[in-house]
Amino acid sequence: MSELKVLPRRRVAEIKEYHPPLGGRGGLRLDFNENTIACSPRVREALASVTAEAMTLYPEREPVEALVAAELGVRPGQLVLTNGVDEAIHVLFGAFLDEGDELLLPVPTYTMYEVYASATDARVVMVQAGGDFSFPRESLLAAITERTKVIAVANPNSPTGSVVGREVLLEIAARAPQALLLVDEAYFHFYGETVMDLVGKVPNLVVARTFSKAYGLAGLRIGALAASEDVLRWVRRVLSPYSVNALALACLPAAIGDKEYLNSYVAEVRAARAEFERAVDGLGVRRWPSEANFVLVEIGAKHREFATAMHERGILVRDRSNDPGCDGCVRVTIGTREQMRRAIEAMRDVLTELKETK
Ligand SMILES: Cc1ncc(COP(=O)(O)O)c(C=O)c1O
């Protein structure tokens, strides 16, 4: 066979390959910030009631979109459902980032912003957070230029768990009227603060939400993007009308309807987070305060060995050492209190073992 003579776009050839470690994930999954138990049983019922005939139809997202809009307190025209927040980021960047534009990113942050920026011809401008990972307000404001077109802020942020207040977000939106401010609220439920109520009032504000985390539907791939009609008009131009599949659409009303399930899962994770943070402090391991369903801990030079040894004990954690400013750091997803007690026990053993093999 002869060789392929076709090259990808230069930017695509330059992107670092991103392969999240999805294979062989048996054991306690504290590596992807998913729900660590199961989705609501009502979702299982909704799934079971999908008929074979229904599967033959192209999915119709509008009725469910209207339901989600009502749930989030925005108008139906101010919301689109997407194939996870990942697709929301992809289409938003695709619709707005042109050659010569800048995407402004406080880092460390969610990896996919940079990946999807590389599918455009925009330049990525990164602003490093300080050692405490608090939001780099001043340096971010100073980095805004007339070319800034999108500013992406995960709130709470991943992998740090840190948050930024509403006043600062409003300040950023006001200081960059030529840019969209994407506030990615993937971990909203574990935090409780939102700027969703400002959608439509702040013209350049875009808010993303996912059903992958607290709702436990990562496998169904559903997210939502809320913004003024003027912004979403352009997003809809590049969004596939069928990217949210029929099974996801069939399940979403049940997921949203089961408040009891959602509230009890979130309450359990919050209690587990507080207990886990105290236990990490007890181990003498540095950690950063988190408002999400994960905690970033500093393991030091042996971060890789730590993650491997945890895996050998049946607990998956995520080495984040390659993230900007995160040398030696590992991210641990928070599940239930019982799961986190197992994690702490394993951490204690592994850390002792690693100390002995200095
Ligand atoms: C900040 C942030 N945004 C978005 C996502 C992806 O969400 P989804 O599963 O809806 O694509 C993640 C997943 O880890 C995340 O951490």
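Modeller: Two strands pair if DSSP finds at least two bridges between them. Keep that in mind for this chain, which is a predicted model.

Colleague: What makes S6 and S7 a pair?

Modeller: Strand S6 (residues 180-184) is joined to strand S7 (residues 205-210) by 4 bridges. The definition asks for at least two, so S6 and S7 pair, and they run parallel. Within this pair, Leu-182 stands opposite Val-206 in S7.

Colleague: Why are strand S2 and strand S4 called edge strands?

Modeller: The sheet is open, with 7 strands in the order S2-S8-S7-S6-S5-S3-S4 and mixed pairing. Strand S2 (79-82) and strand S4 (123-128) each pair on one side only. The twist from one strand to the next averages 20°.

Colleague: Which helices pack on the sheet, and what do they touch?

Modeller: One of them is helix H3 (residues 62-72), which touches S2, S7 and strand S8 (223-227). The direction of H3 makes about 120° with that of S2. Helix H4 (residues 84-96) also packs on the sheet, touching S2, strand S5 (148-154), S6, S7 and S8. The direction of H4 makes about 40° with that of S8.

Colleague: Which residues have the most contacts inside the largest nonpolar core?

Modeller: They are Leu-181 and Leu-182, in a core of 110 residues. H4 gives the largest share of this core, 8 residues.

Colleague: How do you know that this core lies between domain 1 and domain 2?

Modeller: Domain 1 (10-37 + 260-356) and domain 2 (51-257) both give residues to the core, so it lies between them.

Colleague: What does Leu-182 touch?

Modeller: Leaving out residues up to four places away in sequence, Leu-182 touches Leu-92, Val-150, Ile-151, Ala-152, Val-153, Val-206 and Ala-208. Val-206 is also the residue that Leu-182 stands opposite in S7.

Colleague: Which residues of helix H9 (residues 246-257) are buried, and what do they pack against?

Modeller: The buried ones are Ala-248, Leu-249, Ala-250, Cys-251, Leu-252, Ala-255 and Ile-256. To be called buried, a residue needs 20 or more other C-beta atoms within 10 Å of its own. These buried residues pack against helix H2 (41-48) and H3.

Colleague: Why is the protein chain called as compact as a globular protein of that length?

Modeller: The chain has 12 helices and 13 strands. Its radius of gyration is 21 Å, close to the 21 Å that the globule rule gives for 358 residues, so the description holds. Of the 358 residues, 44% count as buried.

Notes:
Residues are numbered from 1 along each chain as its sequence is written. This is a predicted model: local features need pLDDT of at least 70, side-chain atom pairs count only at pLDDT 80 or more; totals for chains, interfaces and linings use all residues. Helices (H or I, at least four residues) and strands (E, at least two) are DSSP runs, numbered from the N terminus. Axes are lines fitted to C-alpha atoms, for helices over the stretch in contact, and angles run from 0 to 180 degrees between N-to-C directions. Two residues are in contact if their C-beta atoms, placed from the backbone, lie within 7 Å. A nonpolar core is a set of buried Ala, Val, Leu, Ile, Met, Phe, Trp, Tyr and Cys residues joined through C-beta atoms within 7 Å. A residue is buried if 20 or more other C-beta atoms lie within 10 Å of its own, exposed if 12 or fewer, and partly exposed in between; C-beta atoms are placed from the backbone. Domain bounds come from an automatic or database domain assignment. The radius of gyration is taken over C-alpha atoms; the globule rule is 2.2 Å times the number of residues to the power 0.38.
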